[in-house]
Amino acid sequence: MNQNQIGRTVFDIDEETDAFYLQKAAEYHEWLIQQEAQPRLTRTPIFRDREDAERRLRADYFDDHCKYPLYYFRRRFRMSRKLFLKIVNGISSYTANPLPQHFHFFTSRLDCTGRMSISALMKCTAAIRQMAYGSTPDAFDEYLQMSEHTARDALFFFNMCIIELYMPKYLRKPTSEDVVKIQQKHNNVHGFPGMLGSIDCMHWEWKNCPVSWQGQYGRGDKKYPTIMLEAVASQDLWIWHAFYGMAGANNDINVLDNSPLFDDLLDDLAPVVPYVVNGVEYRNGYYLADGIYPEWASFVKSFTVATDPKHTYFKQRQESARKDVERAFGVLQGRWGLIQQPARAYEVNTLRRIMYAGIIMHNMILEDQNMSVVDWKHVYSNPARSLQTVWIDRCQTQRRKAKELRDKDTHISLQQNLMNHIWREVEEASEED
């Protein structure tokens, strides 16, 4: 080691190193200047006069001397003004501790600038317009002065509020009193005693289905991925049962196997209303179904091939009465454009809430128009499930009820007796003529 290296430490820097670091510092300084010169990517603030938009909305539809008549309101909101205000008041007046997020969204409060937030009336209007017309969230920005994000949240939370508030009443299972009125209505209109409704499935196209899921939600006879809805509708188009969320690759039988349609029947909790067909008494009602459904005691299907006039006439009557559920699907899609067009959401739960909220409001509109068979002034509670029985007893009950449900002999007997019952009416009518 020479004499020059003895007195040096690790902190000593020679001229060559000093020049190198000075050069790097100068380059970094120039880079900072270039970054500051570039424009910042920030959101452009947009002033939305929501107070004026609400005054205009009230003057158009909600004041005593509003601009547009009530039939304009019914056409654009798909319901009467009285029913719409009932929904708005029900959402805004909901109280709980703590208040759920979807109800808190519709509360009026001051924002950080001291302005009052968007009212529940405007948020519900944005949600119902998206449901009715199937438009994008920013379509009503000019009229309602509402951003795309707020309008999308309004639809999302509106559906959650509808389901929580009105699902126990407007999408419940029928009670004994309801079953009696439904059977009487179907017997008077269609001539089918003991009929509870018609059952079928509907596909809703899913436009934004993830690529990795398209094999699960796609099917050969469908051009695009779909999600299936199983529903039971009565003659007044009231939807008594709805089960949505099964992948489109399934068929109606797969959906039925996962559906809760017969849960109460298997637990021996379903209302028992006996009826007589052609002199034979039956205890449980039935649903009209198409050819894919199994030959169970709770289904009445048509004949694939009619061999004589009696079979031909029954085939025509059964297929005609079974169109009730098809009509309900058509009215549901015609009323809510969001359900008619391909779904744009990315999550199945979001689509499920849209479908259930649309069905609930569909039933509410039928009640508001006095078109429902059941008198909703008296709400009956469904029978509570008893958990006092032993688990083995419950299993034996389910096995016994499942055997009765899948009894093919009862299916054939009921089908033949209905055919003879309907044909006898034709013969009696021809004798009178």
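Mentor: The second largest pocket holds about 450 Å³ of space. A pocket here is an open set of points on a 1 Å grid over the protein atoms alone, where a 1.4 Å probe fits, with protein on both sides within 12 Å along at least five of seven lines. Volume is the space filled by probe spheres set on the points, which are joined across faces, edges and corners. The model is predicted: local features need pLDDT of at least 70, side-chain atom pairs need 80 or more, and totals for chains, interfaces and linings use all residues. Residues are numbered from 1 along each chain, and side-chain values use heavy atoms, without hydrogens or water.

Now the lining. It has 22 residues, each with an atom within 4 Å of a point. Arg152, Leu155, Arg344, Ala345 and Thr350 lie nearest the centre. Two helices, H9 (148-170) and H17 (348-368), each supply at least two lining residues. H9 gives the largest share, six. Helices are DSSP runs (H or I, at least four residues), and strands are runs of E (at least two), numbered from the N terminus. By class, the lining has 10 nonpolar, six polar and six charged residues. Asp, Glu, Lys and Arg count as charged; Gly is among the polar ones.

For setting, turn to the largest pocket. Its volume is about 630 Å³. Its lining has 20 residues, with Ser147 and Thr150 among those nearest its centre. Seven are nonpolar, six polar and seven charged.
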